[in-house]
Amino acid sequence: MDRNDYYGGESTSLNLVQLWKKFRGSDNPPSNLGSSRDYNVDMMPKFIMANGGLVRVLIHTDVTKYLYFKAVDGSFVYSKGKVHKVPATDMEALKSPLMGIFEKRRARKFFIYVQAYNENDPKTHEGMDLTRVTTREFIAKFGLDDNTMDFIGHALALYRDDHYLDEPALDTVKRVKLYEESLARFGGGSPYIYPLYGLGELPQAFARLSAVYGGTYMLNKPECKVEFDEEGKVLGVTSEGETAKCKKVVCDPSYLPNKVRKVGKVARAIAIMSHPIPNTNDSHSVQIILPQKQLGRRSDMYVFCSSYSHNVAPKGKFIAFVSTEAETDHPETELKPGIDLLGPVDEIFFDIYDRYEPVNEPSLDNCFVSTSYDPTTHFESTVVDVLNMYTMITGKVLDLNVDLSAASAAEE
């Protein structure tokens, strides 16, 4: 059941008229932007790591037969006021203008270690127990400076803040390996893939798959009210005077506001442009990560751009997003470092939304509530949340050892 008249709730993709209605309160966008139905503007824009958790879920469920993907052109990082391609291998490290000549050699040694590292083969550990050594100590062993540590932690391992530095280094190494393996998958300029026609295709594909197995989808059901018995256990959901009976409810935080708490807010900007983002090799789809230290902030900022090459805008148009964990109530000012990278924009929209996480005990009330989307431009943290929910709901751990070559077949 969904109170909206479209699939995907908060993570849908909107056409131009819907976008105008949401942010400008009118359904009359300017005609110079092209046809409304040529737009599929993601409300929660995220790229998919080619070797990551979401690809494994999509293959495991066989939903890939309803989706078409295309590689993302570029992955960049902001350092000392400039945008640079993220080096992810020993060869790329040697070419990167991010580092001086001696730092390049040290970085190359780091990448060679990570590429060779195998958790089950002590010979590749070089005497280090990465479950005990912190990331800070591990990176210090290679003599890498703060700037290098910054792009490794934030643009490769995709941490959102610097807490990882004092955690065991094994997780960092696994994350960098995932980035490298994903980069190698499609041989493109980034480790990411993205569905044609935007992320709104994902919930629609699952709705189609669900129908094959007898699932029923009800859109446009206003005021979905979750009903409980006297013990506080869920027994159904009521809308328009009818109750759908059930033993368990799975929902986002907006359906059960008294079972969640606010954990932060996200500031974001959505821009429509007529050119690619400058200094990204004319990439038609790109991610730029602005690490917190480079901006003097507590959390990273993310720039995401897609375009007509992924069928999310008419020919010649680009959609860019800038997002971050909000530290003030002024998105226009706060997002300025990311917006300054975009160049001239045709239209720009600003938005702040709250993030929630569940505080209920599902074993007592049979309510399984997801965590709100974070501001990152990739799906890795979202998939962890979904898999944890799956285990709580079913009591089973999902085995995601799948043949990843199936994704290559779905790649256009």
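## The second largest pocket

The second largest pocket has a lining of 27 residues, among which G53, R175, L178, E380 and V384 lie nearest its centre; a pocket here is an open set of points on a 1 Å grid over the protein atoms alone, where a 1.4 Å probe fits, with protein on both sides within 12 Å along at least five of seven lines, and lining residues have an atom within 4 Å of a point. The model is predicted, so that local features need pLDDT of at least 70 and side-chain atom pairs count only at pLDDT 80 or more, while totals for chains, interfaces and linings use all residues. Residues are numbered from 1 along each chain as its sequence is written, and side-chain values use heavy atoms, with hydrogens and water left out.

Helix 2 (53-61), helix 7 (169-186) and helix 13 (380-394) each give at least two residues to this lining, with helix 7 providing the largest share, 6 residues; helices are DSSP runs of H or I with at least four residues, strands are runs of E with at least two, and both are numbered from the N terminus.

## Helix 7

After helix 7 comes G187, which has a positive phi, near 60°.

Three strands, in the order 3-7-4, make up an open sheet with antiparallel pairing, where two strands pair if DSSP finds at least two bridges between them. Because strand 3 (48-49) and strand 4 (69-71) are at the edges with a single partner strand each, one side of each has no neighbour in the sheet.
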